[in-house]
Amino acid sequence: MRLSTVLSTVTILFASKTLAMSWEEADKKARKWCEDLTNEEKIAIVTGRENMTGVCVGSIDPIERKGFKGLCLQDGPAGVRFANGTATSWQAAINTAATFDRTLLYKVGEAQGNEFYQRGINIALAPAMNIQRAPAAGRIWESYGEDPFLAGQCGIEVIKGMQSKGVIATAKHYIGNDQENNRGASSSNIPEQALWEVYMEPFYRAVNDASVDSIMAAYNAVNGTYSVQNKRLLTDYLKGKLEFQGFVMSDWWAIYDVEKSFGAGMDMNMPGGKYWGPNFIGDSFWGEHIQECIDKDIFPQERLDDAVLRIIRSLYKAEQMDDYPDVNLYVDTNTKENIALNRKVGADSNVLLKNDDAILPIKKNNKIKKIAVIGKDSMPTKFCSDLGCADGTLPLGWGSGTTDFKYIVDPLSAISKRAKKEDIEVVSYGKDDAKGGAEAAKDADLAIVFVQADSGEEYVTVEGNKGDRQSLDLWHDGNELIDAVASANKNTIVVIHAPGPVNVPFLDKVKGIVFAGMPGQESGNAITDVLFGDVNPSGHLPYTWAPREDYPTDVKYDAALQGGGEEKTQYDYDEGLFVGYRWFDKKGIEPTFAFGYGLSYTTFEYSDLKVEMKEDGLHVSVTITNTGSVAGAAVPMIFLSFPDVVKDYPSRLFKGFDKMMLEAGESKTTKIFIDNHDLSYFDVESMKFVKPEEGEYTVYAGSNARDLPLKVNVSANAGETGENGETGEADDNNNESDAEEDIGDLPENDDFYKLMLKFL
């Protein structure tokens, strides 16, 4: 891709009321609309106005003479924020990722997009696409886990679903905002190859595969330069190499100047004021200061023209410039359909970690006549602002990524209702006291202990945790509660609500463990469906689960620094490419639970792995058989080892998956395609993605990163095949290959904006 094709037609069909407009057509309309704008009007379009004191968390003023109604921007990944209970409170993004189900991901994006659209919200501040480097990081529940391929695939489906309803999706936080401590005064120091292959990869997919309309720049610096001032990341890479044609907004109050931020390629300052609060409405680092910089030749007029054009072009592409609903955050969209979808995703995202003696599912004919439900996490939730508390069952983490709940189905209520159908007695102890829990459990046929850990955003501190978790231990003495109950009842099951991995010293003391994550408003129903076998669990971990000291990196707990300042907490990404399971493979460390791990009430067998390298990429097929006695959903996963010519590289990379429902005894063959981009590595010398021209890939198939029973070798040359462990024969006459994926030349200096406008 080169600059001369910057506005090549990218017509994408969405499942919406109309055929989505191409960037090329949107650009023509936007250019014409912008022709008579004054600079004062242009500056109003790029500078937030109400400073988060209005109806929406972000807003752009209307321009009455143009019939422009202004813009409303609203959080977030788990649903519409500040909707006073009228919107669905969805599961966390990490739960949606755990389904490994592209269809569900799209449906969630579509349903969320409709909720934003019905309220007249122009721009949804979702999805979050950061990488889980360290399990204690506060906002890991808002994104899609540790693997860049999985994060990209999840983002594609959610973005497509959202934008199919006419809403602008926002891929965030670009880039390296992977921990909360001093996020506004820290530098993520990322090696170039890792920058491209790990941290930019989800954004690459959002731009190229999902045609995302907006991207949010992060609070932190990257390699010493704040993201909002980083011309290399914003202009050279994102708008240049990736040819992103939408607009880039700041995270809230992440901008501390005009010269560096606007000059670097930021297009919209949110929420506009210099700092938080009503005193800064109309007092911006941008605003009239943009005109002052133009007058002083600090940056050219074309920079302002480009920013405005990008915003209006995105609005035309989303078909928002005519007949878009008026803003009303309190339209009731918590529909039966959304409730059912949240419940299904919640159930399908439950990860069964242990099930000794087939203790689950619960059946009366298994001599289960009395159940003890124990722990405060089984009880109704106490609501508080931005969920900045952990009292009762845990549906989401805290911060801007949460919602105002209309209700939460607590586990005790749901289990009691379902048990009644089986004529099973339920007793409960809704506290976290070990002695009381053991007393409640001792006479039951089965004890279910609900425990939790929580995390969130830096601006809220909960029980001493300022965003990032202080430790990976369960909260509220959960380990002691489990130990006491397990000592009193040999049939103990643990259900964990948490953003990610927790310490499990009780692993060998209990018969069953279900990781429920953060399931949203239908939490109790979702876990009950799995406990009683109404839904066969099919969730898989989107990250590696291990003791904290086994990971390659961790968060820090430095004293607070002034946001945007010269002094920064330094986060060195010394692990490079080796995040998550890649590190555990490199070091030969056995995790507690591998990336992709997840049990079922049935069993699956993998066979007949076949691969063929073609000009467009690698075509893989594998057969899965349900060898158990009940229907269940399998998630076949494909990993690749790259040819030996690629040095200092992970031993295996996750590159493909599918999800398929199989009846007992049924076999199905799935076909999985791996494109040339995913067959390439980033070469820092040529600054290009390069597909190896020689050697062999090894293709692995199985159920998780440590269970890959099938492997096949295939030549890097197109036209070669491999089957059931056999190596494809190389064809010496085949000299064709997609050796390099050209991601564009780097324009220099401010001539970039003039050059862009020439091609627009």
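This is a predicted model: local features need pLDDT of at least 70, side-chain atom pairs count only at pLDDT 80 or more; totals for chains, interfaces and linings use all residues.
A residue counts as buried here when its relative accessible area is under 20%, as exposed when that area is over 50%, and as partly exposed in between (1.4 Å probe, protein chains only). Residues are numbered from 1 along each chain as its sequence is written, and side-chain values use heavy atoms, with hydrogens and water left out.

**Salt bridges**

- A salt bridge means a side-chain nitrogen of Lys or Arg within 4 Å of a carboxyl oxygen of Asp or Glu. The structure has 41 of them.
- Back to Asp27: its side chain meets that of Arg313 in a salt bridge, 3.0 Å from N to O. Asp27 belongs to helix 1 (residues 23-34) and Arg313 to helix 11 (residues 301-317), so this pair ties together parts that lie 286 residues apart in sequence. Helices here are DSSP runs of H or I with at least four residues, strands are runs of E with at least two, and both are numbered from the N terminus.
- Arg313 is buried as well, with a relative accessible area of 0%.
- Helix 11 also holds Asp306 and Arg303, which sit three residues apart, about one helical turn. They form a salt bridge with their closest N and O atoms 3.2 Å apart. Asp306 is buried at 0% relative accessible area, and Arg303 is buried at 0% too.
- Arg139 and Glu142 pair up through their side chains at 2.7 Å, N to O. Arg139 is buried with a relative accessible area of 11%, and Glu142 is buried with 1%.
- That pair is part of a salt-bridge network linking Arg139, Glu142, Glu180, Arg183, Glu457 and Glu458.

**Charges over rings**

- A charge sits over a ring if NZ of Lys or CZ of Arg is within 6 Å of the ring centre and within 35 degrees of the ring normal.
- Arg303 turns up again here: its charged end sits over the ring of Phe262, 4.8 Å from the centre.
- Lys274 does likewise with Phe285, its charged end sitting over the ring at 5.3 Å from the centre.

**Aromatic pairs**

- Rings of Phe, Tyr and Trp (its six-membered ring) pair if their centres lie within 6.5 Å; planes under 30 degrees apart count as stacked, over 60 as edge-to-face and the rest as tilted. The count by this rule is 35 aromatic pairs.
- One of them is Phe593 with Tyr597, a tilted pair at 5.2 Å centre to centre and 35 degrees between the planes. Both residues are buried.
- Phe682 and Phe689 make an edge-to-face pair, with 5.2 Å between centres and 75 degrees between planes. Phe682 is buried at 1% relative accessible area, and Phe689 is buried at 2%.
- Phe100, Phe149, Tyr581, Phe595, Phe639, Phe654 and Phe657 gather in one aromatic cluster.

- Two strands pair if DSSP finds at least two bridges between them.
- Strand 7 (residues 221-222) runs antiparallel to strand 8 and is joined to it by two bridges. Across that pairing, Val222 stands opposite Thr225 in strand 8.
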